[in-house]
Amino acid sequence: MGLEDDKDMKRQLTEIQKAIAKARRTALEDQFLASIRALGVPEPHREVRFSQRRWRFDFAWPYFCLPDRPLCRLAVEIEGGIWIQGRHQRGGGFEEDCRKYNVASKCWHVLRFTGAMVKSMEAAQVTKEALGK
């Protein structure tokens, strides 16, 4: 087995890891969506772009507004892969997320949840409370 075979194997492994992470993230997002529906939370928009940098939120309520909340746009991010050092926990990915959330904080109220928070219904309950429901 030569050097090219090693590189090809590593590339394939990386692609498999990305596919597994995406499947987990999608499953968590689907679970969050089912949870908020069960609690009667209004339907969110999905994959909402909010910046020139093409950043997106997993879920958003862009037209939500309460009189006592100056930041009246609510977004939810589901952070998967926190125990396996996923993209969001490694240096470059974490730094890029910091930039994303700093830009978002200018006009969005962003809630971030882990997979465990989604599975326990905590994420759905906190979202419901944030929406004043």
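Contact here means heavy atoms within 4.5 Å. Axes are lines fitted to C-alpha atoms, for helices over the stretch in contact, and angles run from 0 to 180 degrees between N-to-C directions. Helices (H or I, at least four residues) and strands (E, at least two) are DSSP runs, numbered from the N terminus.

All views come from a predicted model, where local features need pLDDT of at least 70 and side-chain atom pairs count only at pLDDT 80 or more, while totals for chains, interfaces and linings use all residues. Residues are numbered from 1 along each chain as its sequence is written, and side-chain values use heavy atoms, with hydrogens and water left out.

**View 1**
Start with the open sheet: four strands in the order 1-2-3-4, with mixed pairing. Strand 1 (45–49) and strand 4 sit at the edges with a single partner strand each, so one side of each has no neighbour in the sheet. From one strand to the next, the twist averages 40°. Two strands are said to pair if DSSP finds at least two bridges between them. Helix 4 (residues 122–130) lies across strand 2, strand 3 and strand 4, and runs at about 165° to strand 4.

**View 1. Strand 3 between its two partners.**
On one side, strand 3 pairs with strand 2 (residues 56–61) in the antiparallel sense, over three bridges. Six bridges join strand 3 to strand 4 (residues 109–114), and those two run parallel. Keep going from F59 and you reach R46, whose bridge partner in strand 2 is F59.

**View 2. Both faces of strand 3.**
In a regular strand the side chains alternate between the two faces of the sheet. Here L74, V76 and I78 point one way from strand 3, and A75, E77 and E79 point the other way. Six of the six residues in strand 3 are buried (buried is under 20% relative accessible area, exposed is over 50%, partly exposed is in between; 1.4 Å probe, protein chains only).

**View 3. A75 and its surroundings.**
A75 belongs to strand 3 (residues 74–79) and is buried, at a relative accessible area of 0%. What does A75 touch, leaving aside its neighbours within four places in sequence? The contacts are F57, F59, A60, W108, H109, V110 and L111. A60 is 15 residues from A75 in sequence, yet their C-alpha atoms are 4.2 Å apart.

**View 5**
Rings of Phe, Tyr and Trp (its six-membered ring) pair if their centres lie within 6.5 Å; planes under 30 degrees apart count as stacked, over 60 as edge-to-face and the rest as tilted. By this rule there are five aromatic pairs. One of them is F50 with F57: the ring centres are 4.1 Å apart and the planes are at 10°, so the pair is stacked. F50 is buried at 17% relative accessible area, and F57 is buried at 0%. Ring pairs link F50, W55, F57 and W108 into a cluster.

Side chains of opposite charge can pair when their charged atoms come close. The cut-off for a salt bridge is a side-chain nitrogen of Lys or Arg within 4 Å of a carboxyl oxygen of Asp or Glu, and the structure holds seven. In one of them K100 meets E77, with the closest N and O atoms 2.9 Å apart. This pair links distant parts of the chain, with K100 in helix 2 (residues 91–104) and E77 in strand 3, 23 residues apart. Is K100 buried or exposed? At 8% relative accessibility, K100 counts as buried, and E77 is buried too, at 3%. R112 forms a salt bridge with E79, the closest N and O atoms being 3.1 Å apart. R112 is in strand 4 and E79 in strand 3, so this pair ties together parts 33 residues apart in sequence. E79 is buried at 5%, whereas R112 is partly exposed at 41%.

**View 4. Salt bridges elsewhere.**
R99 and E96 meet in a salt bridge (3.4 Å, N to O). Both lie in helix 2, three residues apart, which is about one turn of the helix. R99 is partly exposed at 38%, as is E96 at 22%. E29, D30 and R46 are linked in a network of salt bridges.
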